[in-house]
Amino acid sequence: ASQEHADLEIIRLTDQAKAGDLSGLRQYLARTRATADWNDRTFVLDCVVHWIPLATLDFACETEPSAADLFVIRSSFFSSLAWKKRGSGTADKIAEDRWGAAANCIKEALAARDKVVQLDPQDPTANVRVLQSLSIFNAFWPEMQATFQKATNLAPDIVDVYRPIVSIMSKRWGGSHEKSLDFARSSFAKAAPGSDMAFCLFWAHFLVYTHFLYFDDNKQEADRYLHSSRGAGVL
């Protein structure tokens with residue numbers, strides 16, 4: 001029953017977002033901020049924010065420049081948009097204009113994240129949401145490390161903060177199966193009882209499986225994927 005209620009709430013918030021109404025999402029954020037329900041908060045933002053018209057978000061942030069929740073939404077919006085602008089496909093197949101569009105979105109997401117840090121420094125949500133988009137570019141690895149540290153210092157048990165690190169440490173991105181799996185196992189071992197951190201361990205194993213499936217017998221394809229520009233020269 002509780003899962004059904006959560007699903008219905010996401011549907012309701014999505015419908016409101018499509019119509020340019022942020023009131024329901026803001027009420028939800030106020031409620032989860034009060035209870036520090038960080039995992040639920042990041043999940044719902046991921047589901048809802050990309051439906052918000054940008055003009056609506058721009059107007060809201062300009063009207064209330066001291067509203068931390070609006071900049072949490074904005075950071076999450078542009079983090080999601082960065083992946084949409086990047087598009088699908090391996091890095092060597094992405095056109096330069098798509099790299100540029102993704103980079104601009106990440107810069108907007110980081111600016112909104114920095115605003116949240118000023119307005120509500122105890123809220124890790126914006127740091128968590130921006131992490132996934134930072135993994136698009138190799139150049140953002142130092143920022144990823146710093147952002148991960150900031151987020152886990154505030155809330156060490158948010159699942160979404162670990163997944164992009166599991167990915168970036170994998171063999172596919174220049175690390176190794178062992179590093180990615182060790183990090184995922186360590187994260188799972190330190191998680192609180194009842195945590196969904198097992199997902200990160202599943203994800204690390206999935207990355208190993210898909211690497212063997214698509215790249216292990218095709219060194220040329222693996223090297224092209226690994227050593228592609230990933231937007232070099234855009235940032």
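The largest pocket is lined by 25 residues, and T42, F43, D46, R129 and D160 are the ones nearest its centre. The model is a predicted one, with local features needing pLDDT of at least 70 and side-chain atom pairs counting only at pLDDT 80 or more, while totals for chains, interfaces and linings use all residues. Residues are numbered from 1 along each chain as its sequence is written, and side-chain values use heavy atoms, with hydrogens and water left out.

A pocket here is an open set of points on a 1 Å grid over the protein atoms alone, where a 1.4 Å probe fits, with protein on both sides within 12 Å along at least five of seven lines; lining residues have an atom within 4 Å of a point. The volume of the largest pocket comes to about 680 Å³ (the space filled by probe spheres set on the points). Helix 3 (38–48), helix 5 (68–86), helix 7 and helix 9 each put at least two residues into the lining, and helix 5 gives the most, with 6 residues. Helices are DSSP runs of H or I, at least four residues long, numbered from the N terminus. By class, the lining splits into 8 nonpolar, 9 polar and 8 charged residues (Ala, Val, Leu, Ile, Met, Phe, Trp, Tyr, Cys and Pro count as nonpolar, Asp, Glu, Lys and Arg as charged, and the others, Gly among them, as polar).

Some of these helices also pack on one another. The axes of helix 3 and helix 7 come within 10 Å and cross at roughly 50 degrees, which makes the pair oblique. Axes are lines fitted to C-alpha atoms over the stretch in contact, with angles running from 0 to 180 degrees between N-to-C directions; under 35 degrees counts as roughly parallel, over 145 as roughly antiparallel, 65 to 115 as roughly perpendicular and the rest as oblique. W38, R41, T42, L45 and D46 of helix 3 and T125, V128 and R129 of helix 7 make the contact (heavy atoms within 4.5 Å).

Helix 7 (residues 125–134) in turn packs against helix 9 (residues 159–168) at about 20 degrees, with the axes 9 Å apart, so the two are roughly parallel. Here V128, L131 and Q132 of helix 7 meet D160, V161, R163, P164 and I165 of helix 9.

Helix 9 and helix 11 (residues 198–214) pack at an angle of about 20 degrees, with axes 9 Å apart, so this pair is roughly parallel. V159, Y162, R163, V166 and S167 of helix 9 meet F199, C200, W203, A204 and L207 of helix 11, a contact of 8 nonpolar, 1 polar and 1 charged residues.
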